[in-house]
Amino acid sequence: MPRQSLVVPMLLTSVAACTSPQYAIYQQQHADDAGSETSASNDTRAETSSDSPLTSSETSSTAETGAAGTTQTDGDATAADSASTGASTGDDGKAVPVAVEVFLEPSPVTEVGPVQVSVSTSRPVASIDIFLKDENKGDVPLVLGAAPGNPVHVFEVTSEDVPGDGMHTIRAVAHAADGVSGESSEALLIDVQPGGSDVWPPYVKAGPINGFTSAALRGNGIDVAGYFETNDGLEAVAVRVDGTTGQPEGGPVLLGPVAVTGGGRGPAIAAAGDDAAFVAWTQPANGSTRWAVSRVKFGEAKGPVWMGPSKTSANAIAVVGDTLIVAGAIEIGPNTHDLGVWWVSAETGDLLDAREFAAPFSEDPQNWFDEVARGVAIVDEEVVVVGERETMTVDNILVRRTIVLRHALDGEPVAEWTSPGGLLDEDAGMGITTLQGGGFVVIGWGRDKGSIRQVMTRWFSATGEPIAERIEPTPSSDAIGLAVGEDREGKLIIAGTLQQPKTDANAWIFAIPGLSGPPVWEVVRNGPGQGPDEAAGLAIDAWGYTYVAGSEFDALQPRAFALRLYP
């Protein structure tokens, strides 16, 4: 995989520049000069004058004629001029130079994060310009006319594009109120790992834990839900993975028997506050199933298990305040379900509300069509549920289509939307995430009837309207997106599966820049054995680091894995 360069979005931040000890020494040496009273007065004015930003012409002059560690004056400054304009002059009546020193923190840069640019000057200045030297464009302004501060400027080193890894130069030009300016520069080495590479070695659990199916960010690490196989069948499990070491914190928490597992089927986990998480899964019950939910507090004994109605299943869970939102399905017959959403008290497990969705009687009088919820998220004070439903085309062909249901937080229905098809005959929503700029994204799959699936991404506006879609072309490999998240740069990180070759499905994690353009990076994880590997759980922290949890085949049984990737 080629090494990716870095994007540097600039955040303008200013606060007071350092004033070095040289100026204090200079004042002491000239304390008895006849002009000391005027000079002290002018020094005070220069120090407090921070509202005089540099004009564009001054910036151009400075950039073209200044040299590192040098001082210059903008015109001939006489003693009389200095006295009237707030200048500092020496014994000979000439303007006092401005010495400049640049400090970078951290330096070198080895991780994604902010870089502080601080500037020390030998006497008070009115404004400071900061430049980044670019080999192709020359000096690129980071901030012009900034008020003196510590730091004077902060910019973010992220994972893409400019300035990229390597040695760079940060140049600072300080302007005193009397027209004197000085400048200096400092080298900055950026050496950040390329996007998609491992932060720590992948955690792989051989033995009883056979797969992770969901992940939720909480503090410095992730909570993951999954399953393992016992002599009595599959058991749901929750594990805490430390974000620094990549290793579990304490032992797994066993939750109870599980009937179905896998990406889009659970067990599913959602973080709640600083110290707990909730896990929802589908439990076997008297020849059928019902959803189950349990509160997990790692390091403590397992909490009570709350159970839903008979013939129900849970595929996703979200937490809003003291309420849990469980999304799944209600069994109607063999391979036939109605979509179900339940509001559950996070304190007592009481069922507060329930909503069902099925095709109207006029379209499906026997209720034979299948409807299932796969993902749920809280978007702008709404509960948004995504999934799939069967519907009949105008040609009387039964197809699956993405469905999006919006509810108020208290469960009141707001709106529903069904994919009209379009580029591909069928599609389905498997996961959802909110967007920083408003709205949300749904990930899943699309295909022509009877053909292989391809990862499909759909963007929705803040009002819930579909505005764009994207398909990842994998013409010879069946692929599906199971989970999605947005990083700090606005890239979408997608986790799922990619059949490669046709006899073996591999976990697939990749980042896309937006509506168009090839993936920025991708990771294909192929387990050591022939069998289905999938990246089913995804969580992204504030710095854009991506956590992925899933399962992969080793010999004749799956094993759980967790990754942490650079942005």
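Predicted model: local features only at pLDDT ≥ 70, side-chain atom pairs only at ≥ 80, totals over all residues.
**Entry 1: D541 and R564**

I started with D541 and R564, which are both buried (buried is under 20% relative accessible area, exposed over 50%, partly exposed in between, with a 1.4 Å probe and protein chains only). Their side chains meet in a salt bridge, at 3.4 Å from N to O. I count a salt bridge when a side-chain nitrogen of Lys or Arg lies within 4 Å of a carboxyl oxygen of Asp or Glu. This pair links distant parts of the chain: D541 sits in the loop between β36 and β37, R564 in strand β38, and 23 residues separate them. Strands here are DSSP runs of E with at least two residues, helices are runs of H or I with at least four, and both are numbered from the N terminus.

Residues are numbered from 1 along each chain as its sequence is written, and side-chain values use heavy atoms, with hydrogens and water left out.

How many salt bridges does the structure hold? I found 29. One of them joins the side chains of E426 and K449 at 3.6 Å, N to O. Here too the pair links distant parts of the chain, with E426 in strand β28 and K449 in the loop between β29 and β30, 23 residues apart. E426 counts as buried because its relative accessibility is 3%, whereas K449, at 46%, is partly exposed.

Next I looked at D554 and R559, whose closest N and O atoms are 3.5 Å apart in a salt bridge. D554 has 30% relative accessibility, so I log D554 as partly exposed; R559, at 18%, goes down as buried. I also noted a network of salt bridges that links D370, R374, E388, E390 and R400.

I worked with a 1 Å grid over the protein atoms alone: a cavity is a set of points where a 1.4 Å probe fits but cannot get out, a pocket is an open set with protein on both sides within 12 Å along at least five of seven lines, and lining residues have an atom within 4 Å of a point. Points are joined across faces, edges and corners, and a volume is the space filled by probe spheres set on them.

The structure holds 1 cavity of 30 Å³ or more, and the largest cavity has about 30 Å³ of space. Which strand gives the most to its lining? That is β29, with 4 residues. β28, β29 (440–447) and β30 (454–460) each supply at least two. Among the lining residues are T402, G429, V442, W445 and R458. By class I get 5 nonpolar, 4 polar and 1 charged (Ala, Val, Leu, Ile, Met, Phe, Trp, Tyr, Cys and Pro count as nonpolar, Asp, Glu, Lys and Arg as charged, and the others, Gly among them, as polar).

With a relative accessible area of 4%, V442 is buried. Leaving aside neighbours within four places in sequence, V442 is in contact (heavy atoms within 4.5 Å) with residues including V386, T402, M456 and F460. V404 is 38 residues from V442 in sequence and 8.9 Å away in space, C-alpha to C-alpha.

**Entry 2: two pockets**

The largest pocket has a volume of about 970 Å³. I count 44 lining residues, of which A215, V376, I432, V484 and L538 lie nearest the centre. They divide into 26 nonpolar, 14 polar and 4 charged.

β13 (221–230) is one of the strands that supply at least two residues here.

**Entry 3: β13 and its neighbours**

I ended on β13, where 8 of 10 residues are buried. Strands pair if DSSP finds at least two bridges between them. β12 and β13 pair in the antiparallel sense over 7 bridges, and S214 has A225 in β13 as its bridge partner. Their hairpin has 3 residues between the strands, and G219 takes a positive phi near 60° there. On to β14 (residues 233–242): 10 bridges join β13 to this strand, again antiparallel. I222 stands opposite V241 in β14, and the hairpin of β13 and β14 has 2 residues between them.
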